[in-house]
Structure formats: C-alpha cells, structure tokens
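User: Could you take me through the aromatic rings in this protein, slowly please? I would like to see how they sit together and what surrounds them.

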Amino acid sequence: MTPSLPHQGGPRDEPWRPAEDSRHKARRRALTLLIIVLLIGVPAGYLVISANQSRNSGKDKEAKYSATGLTPGWPSKVQRRLYQVTVPHPADDIASYETNNWKTSRLYVQFRTNPAGLDSFLEAMGVRREQLKKDEIAVGERDRKVSGWTFGGPGPWWGLTHEQKNPAPTQDVVVNLSDPEHPMVFVVSRTVP
C-alpha cells in the first residue's frame with residue numbers, strides 16, 4: 001500500500017473579481033500619488049516656509065542690533081515704558097537708538113510735534129514747559145557723539161534734565177523752537193540696570 005498524499009484544499013470562498021480595467025487602475029494610482037504628495041509635500045513645504053521666515057527674522061534683528069546710530073521709526077513699547085519716554089501724537093521725524101552696557105542703558109529719541117504734543121510729552125515726564133531753560137543744552141558731549149546730534153542750527157534751544165531716583169530713568173531733554181508750531185525734541189533717557 002502506498003501512503004496517501006496530502007489533500008490539497010479547494011478554492012477559497014472568496015467572491016470572484018473581474019480584472020481591474022485601465023481607467024480604474026489609473027484612478028487608483030492617481031489617488032495614491034495625491035496621498036503621498038499630501039503626506040510628504042505639505043509638511044516639507046511648511047518647513048521651507050518656516051525656515052525662510054525664521055532666517056528673515058534673524059536678519060531683521062541683526063540689522064536692528066547692529067545699527068550704530070539713530071534709526072528711523074518709533075522705539076518699541078517696551079523701550080518707551082522702560083525709559084519713560086512717551087512720544088506724543090501727532091509726531092513725525094521720529095528716530096531712536098538704544099545702547100546698553102553693564103553700567104548704564106540709554107535710549108536716544110528724537111521727534112517733531114506740535115505745541116500741544118510738546119506739553120503732553122513734558123507732562124508725561126512729570127515736568128512743565130516753564131521748567132525748560134533757554135540756551136540749556138542738557139544732552140552731554142558723549143551723548144551728542146553717540147547720537148550724531150549737533151545743536152548748532154537756528155534756535156532758540158531750550159533744555160532741562162529731569163533727574164529721578166534709581167531705578168527710574170533720568171532724562172536729558174533739548175527742544176528746538178526755531179519753528180514754534182513744530183518743535184523738534186531730542187531726549188536721552190538713561191537708567192542703571
């Protein structure tokens with residue numbers, strides 16, 4: 001007697017499927033390609049955009065902090081609050097520059113305003129216009145060199161030093177009233193960190 005061979009199983013109980021036609025195959029492949037692009041391409045695109053924004057932000061910050069003198073534009077809100085320099089509205093020809101070292105931090109600000117704006121600025125500092133002294137150039141020689149200000153043009157020039165107890169800043173203010181309707185204000189506010 002010969003041993004019997006193992007019995008092969010019959011056909012599975014799967015339903016019969018017709019062969020896939022070329023249109024259906026192309027649609028399935030297109031859908032697969034779309035899914036792959038969405039899963040890989042979108043995050044990759046996001047990373048490229050994010051990297052460019054980050055790099056541009058770093059360049060902006062580098063330009064800001066490598067500036068060596070007054071740059072046009074408003075000082076930041078944090079700087080205005082820290083140095084207690086309130087630029088009034090309306091104001092134009094605004095420029096600022098900040099220096100910091102281990103001993104003293106300074107904010108240089110210039111702007112042109114109107115008489116009401118000058119009064120508002122002085123009032124926010126805690127002084128009045130009557131406290132300005134004629135021909136008083138309160139900004140020292142060192143600060144003039146740093147800022148590039150020369151107070152030799154047409155005047156009259158008025159100024160004051162508003163001293164405050166640390167940690168509050170001390171402000172040196174010079175005002176050019178050659179055009180009384182549009183006084184030009186120069187401020188150096190310094191604080192000890």
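Analyst: Happy to! Let's begin with a term: rings of Phe, Tyr and Trp (its six-membered ring) pair if their centres lie within 6.5 Å, and planes under 30 degrees apart count as stacked, over 60 as edge-to-face and the rest as tilted. The model is predicted, so local features need pLDDT of at least 70, side-chain atom pairs count only at pLDDT 80 or more, and totals for chains, interfaces and linings use all residues. Residues are numbered from 1 along each chain as its sequence is written, and side-chain values use heavy atoms, leaving out hydrogens and water.

The structure holds eight aromatic pairs. In one of them, the ring centres of tyrosine 108 and tryptophan 149 are 6.1 Å apart with the planes at 70°, so this pair is edge-to-face. Tyrosine 108 belongs to strand S3 (105–112), while tryptophan 149 lies 41 residues away, in the loop between helix H4 (141–147) and strand S5 (157–162). Here helices (H or I, at least four residues) and strands (E, at least two) are DSSP runs, numbered from the N terminus.

Tyrosine 108 and tryptophan 149 are both buried, where buried means under 20% relative accessible area, exposed over 50%, and partly exposed in between (1.4 Å probe, protein chains only).

Tryptophan 149 also pairs with phenylalanine 151, and that pair is tilted, with 6.1 Å centre to centre and 50° between the planes. Phenylalanine 151 is buried too. One aromatic cluster takes in Tyr97, Tyr108, Trp149, Phe151, Trp157 and Phe186.

As for the surroundings, valine 187 touches Tyr108 and Trp149, among others; contact means heavy atoms within 4.5 Å.

Terms used:
Lists of a residue's contacts leave out its neighbours within four places in sequence.
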